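Please read these notes with the structure open beside you.

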Amino acid sequence: MDSKQESFECDTLSEVRIIIVGKTGNGKSTLGNILLGKSSFPVCCSMSSTTLGTQMDEGQFKGKQLKVVDTPDIANLGLTSDEAQRQVSEWKRLMTPDPHAILLTVRCDAPYTPTEYALYRQLQWLWGGNSLSQRLVVAFTFGDRLDLQVDTVLRTVSKELQSVVKDASGRYVVFNSKATDDEKGQQVQNLLDILEKLGEEIKDIEREKILGVQICPCGPV
């Protein structure tokens, strides 16, 4: 059996590996704390970043082990291209063999800016193009300030944000840090439901690739 296939088939959602990325001030650390159900990552009320390095913690949710990586805004660190690549490589190492989700934080209460889109495209390039989109879920933060349903809002947002949601195949979750504990638990469950479905889709794609190689009369290419 191909080692890549074997690692994929052995990978289950008993452990869920999640990376949180996005611009400073978009609530990455707060989101990580919601996912883990505890104050794992420091949170600051100002727009200055409290996450200057990569941080990781683990927690339990309904019998599942959640491993969450909170990342800095690499656009704010003044990194060279090589340094930024090493930063992303470290995120990947912490999520071996692969993350189940890359959560891109986007604020519900503010316009999506060209700076945010540039950061997303940089992350996409550093991660490896479509391989980021395959695991991408848009995490809309500050959900307490959302007046309308996200589906309605997405019809009027910028083309750049619509493009990001399209890259994520329409996968998104709204997170509200002001919600009750039960409501926060439902937000986490909404994400896990998306990941269960995403996992099945990825398995189907991998099976099709394997079958395609097996039935190809010219042999593996």
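1. A salt bridge here is a side-chain nitrogen of Lys or Arg within 4 Å of a carboxyl oxygen of Asp or Glu. The model is predicted, so local features need pLDDT of at least 70 and side-chain atom pairs count only at pLDDT 80 or more, while totals for chains, interfaces and linings use all residues. Residues are numbered from 1 along each chain as its sequence is written, and side-chain values use heavy atoms, with hydrogens and water left out.

2. How many salt bridges does the structure hold? There are six. One of them joins Glu-15 to Arg-17, with the closest N and O atoms 2.9 Å apart. Buried means under 20% relative accessible area, exposed over 50%, and partly exposed in between (1.4 Å probe, protein chains only). Arg-17 has 2% relative accessibility and therefore counts as buried; Glu-15, at 25%, counts as partly exposed.

3. Lys-38 and Asp-57 also form a salt bridge, at 3.7 Å from N to O. This pair links distant parts of the chain, 19 residues apart: Lys-38 is in the loop between α2 (28–36) and β2 (55–61), and Asp-57 is in strand β2. Helices (H or I, at least four residues) and strands (E, at least two) are DSSP runs, numbered from the N terminus. Lys-38 is partly exposed at 39%, and Asp-57 is partly exposed at 26%.

4. Glu-196 forms a salt bridge with Lys-64, the closest N and O atoms lying 3.4 Å apart. Glu-196 belongs to helix α8 (residues 181–215) and Lys-64 to strand β3 (residues 64–70), 132 residues apart. Elsewhere, salt bridges with shared partners join Arg-107, Asp-109 and Arg-145 into one network.

5. The structure has two aromatic pairs. Rings of Phe, Tyr and Trp (its six-membered ring) pair if their centres lie within 6.5 Å; planes under 30 degrees apart count as stacked, over 60 as edge-to-face and the rest as tilted. Both Tyr-117 and Tyr-120 lie in helix α4 (residues 114–127), three residues apart, about one turn of the helix. Tyr-120 is buried, with a relative accessible area of 2%. Phe-140 and Tyr-172 form an edge-to-face pair, with 5.7 Å between centres and 75 degrees between planes. Phe-140 sits in strand β5 (residues 136–141) and Tyr-172 in strand β6 (residues 172–174).

6. A charge sits over a ring if NZ of Lys or CZ of Arg is within 6 Å of the ring centre and within 35 degrees of the ring normal. Lys-92 lies over the face of Trp-127 at 5.0 Å from the ring centre, and Arg-107 over that of Phe-142 at 3.7 Å.
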